[in-house]
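The sequence and structure are shown first.

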Amino acid sequence: MADTSKGIEAAGLVREFKGGVVAVAGIELHVAEGEIYGFLGPNGAGKSTTVHMLTTLLPPTAGRATVAGFDIVKQGPAVRRSIGAALQEAALDPVLTGREHMRLQTALHAVVREERQARGEELLERVGLTAAADRKVKTYSGGMKRRLDLALALVHRPRLLFLDEPTTGLDPQSRSALWQEVARLAKEDGVTVFLTTQYLEEADVLCDRVGIIDQGKIVAEGTPAALKATIGRPTVDVVPTDHEQRHRVADVLSRFGDLTQASPHGVAVRLAGDEFGLADVIRALDAEELHVDHLELHSPSLDDVFLAKTGRTLEGAEGEQQAELVS
Amino acid sequence: MSTTLSTTLGQIGDLARRSITRTLRQPSYVIPPLIFPTLLVAVNAAGLRPSTALEGFPTNSFLAFAIAVPFIQGALFSTMNAGTDLARDIQTGFLNRLALTPMRGSALLVGHMAGVMTLGLIQSLFYICFALAVGVRFEAGVGGAFVILALATTIAAAFGMLGAFLALRTGSGESIQATFPFLFVFLFISSMNTPRNLIAVHWFKVAATINPVSYLIEGVRSLVIVGWDETALLRAFAVALTIGAISIVLASHALGQRMART
């Protein structure tokens with residue numbers, strides 16, 4: 001097993017708020033040094049509360065955790081010296097410039113005075129903000145703010161980096177640029193990254209391992225490939241030209257595996273075993289003279305894993321959380 | 001100097017620079033405290049000039065009598081400005097960013113006051129220039145003007161710390177703004193327009209006497225219309241320092257609860 005002594009270890013971590021609301025209900029975590037660990041779940045699942053506890057901003061109600069080898073309750077200052085964090089909202093002062101933020105952050109992190117300017121310039125350049133460094137942050141785009149936020153989290157060369165939904169609200173180009181920088185930090189600088197996200201693609205592309213969290217508990221954990229493998233075979237979704245033929249299509253598809261949730265007007269089957277492929281399905285439909293409007297092969301996704309473990313899709317869970325918040 | 005003290009002073013300096021920069025870059029913080037108090041004193045001076053004919057009124061210039069009010073009114077703006085700034089730091093998560101650094105809580109509070117005190121100083125200089133421009137003479141002379149600057153800056157810091165407490169307690173800029181009219185009530189039930197000994201309505205006289213704002217106004221006023229009145233000055237500084245001390249204790253406690261880092 002990978003060495004987690006300098007990464008993150010958590011056992012039975014719980015956070016209960018006033019009124020008995022349990023945001024985190026006993027989390028176990030083992031994140032190895034140098035790993036990119038993704039915490040995937042809908043809004044309100046407990047991701048940010050977990051990050052706040054691990055970064056020492058919020059004491060846990062029960063359980064214990066170490067970050068970089070330090071206890072989050074008993075050794076808070078040592079934990080903070082070892083970590084960098086970019087929390088959910090880009091925490092910036094709109095009337096200060098990027099360079100002024102960098103100057104303040106290097107000073108408060110007690111970076112050696114002679115190195116502060118060089119360190120600030122290096123990070124601004126790394127995140128592509130040198131040209132905008134003397135502009136007030138209120139003129140920055142969302143992507144620029146996120147990149148500055150990331151740069152500020154790195155001024156004291158932390159060994160661990162916490163990123164709480166770092167790409168939420170970003171356009172695809174900004175998102176991709178941030179992913180590249182995070183991947184580079186882990187690969188070249190050996191930084192351990194703990195990342196929360198509600199984007200399946202982000203977890204899939206970026207993370208070495210993923211923990212899926214729902215209602216304060218980790219419901220599945222592993223590499224993206226391993227998690228998807230637990231779901232098994234791909235599904236084939238077929239929409240017949242004549243919707244009245246759906247029962248006949250279902251009869252045909254059921255020869256190849258178990259029927260599963262399909263698109264509207266469609267019928268879907270999860271292919272059983274390795275003996276069947278898409279071509280077999282097409283041949284069988286053709287032999288029965290069934291015409292189709294649409295036919296699609298779906299590889300298992302992390303959303304399928306979430307569905308299998310919780311009975312809901314990530315989007316559905318998001319909707320439920322919103323409804324709970326409104327009510 | 002010990003390393004801890006040196007580190008804390010360095011942090012205060014860094015946060016003070018940020019506080020001053022951010023204050024001076026927000027015209028909405030700088031301009032209203034200059035315009036509104038001087039407008040109010042001009043209107044009051046025009047309307048209440050006959051008050052000077054009352055027997056026992058301490059001066060024959062109502063403007064000289066009332067010019068102390070802008071200094072206190074300007075300081076009340078400090079409550080709102082300091083509180084709103086800190087509340088914004090809480091709402092945007094900037095306080096969490098600071099909490100993740102080795103910054104001490106005391107450095108945050110003291111550094112945060114730097115912007116308030118700078119603005120307090122600028123306001124006071126402006127009011128002094130305004131007073132001189134409209135013909136008010138300072139009986140305590142140039143030295144008295146410097147004491148006014150010191151007193152007004154102390155009052156601004158005291159009220160600023162009160163604003164910081166409210167921000168840390170509520171975490172909401174809207175709540176801070178809602179307290180502003182409440183603070184103005186203290187100004188209006190003070191001796192701002194009439195010397196306490198000439199207030200005829202009993203309840204109002206009692207209210208003005210127990211209202212600490214009266215003593216702040218009277219301290220500044222004494223330097224303008226009397227000269228060197230040690231009693232009035234001591235009372236004013238004592239009230240300002242007491243408000244400041246109570247606010248620091250409350251703000252420190254609220255900061256400890258707000259920044260519940262382990």
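## Terms and basis

A residue is called buried if 20 or more other C-beta atoms lie within 10 Å of its own, exposed if 12 or fewer do, and partly exposed in between, with the C-beta atoms placed from the backbone. Helices (H or I, at least four residues) and strands (E, at least two) are DSSP runs numbered from the N terminus.

The model is predicted: local features need a pLDDT of at least 70 and side-chain atom pairs count only at pLDDT 80 or more, whereas totals for chains, interfaces and linings use all residues. Residues are numbered from 1 along each chain as its sequence is written, and chains are lettered from A and ligands numbered from 1 in the order in which they are written.

## Helix H1 of chain A

Helix H1 of chain A (residues 47–54) is largely enclosed by the rest of the structure, because seven of its eight residues are buried. The buried residues of H1(A) are Lys47(A), Thr49(A), Thr50(A), Val51(A), His52(A), Met53(A) and Leu54(A). Just after H1(A), Thr56(A) adopts a positive phi of about 75°.

## Overall form and confidence of chain A

Chain A contains twelve helices and 14 strands. Its C-alpha atoms fill a box of roughly 80 × 45 × 45 Å along the principal axes, and 43% of the 327 residues of chain A count as buried. Two residues are taken to be in contact if their C-beta atoms, placed from the backbone, lie within 7 Å. Among contacts in chain A with a separation of 6 or more, 68% join residues 24 or more positions apart.

Chain A is divided into domain 1 (8–229) and domain 2 (233–299); such bounds come from an automatic or database domain assignment. The C-alpha centres of domain 1 and domain 2 of chain A are 43 Å apart. The mean pLDDT (the predictor's confidence in each residue, from 0 to 100) of chain A is 87, and 93% of the residues score at least 70. Over residues 322–327 of chain A, pLDDT stays under 50 and the model has zero contacts beyond four places in sequence. Where pLDDT is low, the predicted coordinates should not be read in detail.

## Sheet and hairpin in chain A

Strands are said to pair if DSSP finds at least two bridges between them. Two bridges connect the antiparallel strands S4(A) and S5(A), and Thr66(A) stands opposite Asp71(A) in S5(A).

Strand S9 (residues 209–214) and strand S10 (residues 217–222) of chain A run antiparallel and are joined by five bridges. Asp214(A) stands opposite Lys217(A) in S10(A). Two residues lie between the strands of this hairpin, in which Gln215(A) takes a positive phi near 50°.

## Nonpolar cores

A nonpolar core is a set of buried Ala, Val, Leu, Ile, Met, Phe, Trp, Tyr and Cys residues joined through C-beta atoms within 7 Å. The largest core has 149 residues, of which Val67(A), Val193(A), Phe194(A), Ile72(B), Ile155(B) and Val220(B) touch the most other members. Helix H8 (residues 141–170) of chain B supplies the largest share of this core, 15 residues. A second, separate core of eleven residues includes Val236(A), Val238(A), Ala268(A) and Val269(A).

Val67(A) lies in strand S4 (residues 62–67) of chain A and counts as buried because it has 30 C-beta neighbours inside 10 Å. Beyond four places in sequence, the contacts of Val67(A) include Ile8(A), Leu54(A), Ile72(A) and Leu160(A). Likewise leaving aside neighbours within four places in sequence, Val193(A) is in contact with residues including Ile36(A), Tyr37(A), Leu161(A) and Val182(A).

## Chain B and its contact with chain A

In the contact between the chains, 21 residues of chain B meet 24 residues of chain A. Helix H1 (3–24) and helix H6 (94–99) of chain B each contribute at least two residues to the side of chain B that touches chain A. That side of chain B has seven nonpolar, eight polar and six charged residues, where Ala, Val, Leu, Ile, Met, Phe, Trp, Tyr, Cys and Pro count as nonpolar, Asp, Glu, Lys and Arg as charged, and the others, Gly among them, as polar.

Ala245(B) is located in helix H12 (residues 230–258) of chain B and counts as exposed because it has 12 C-beta neighbours inside 10 Å. The C-alpha atoms of Ala245(B) and Met161(B) are 8.9 Å apart, with 84 residues separating the two along the chain.
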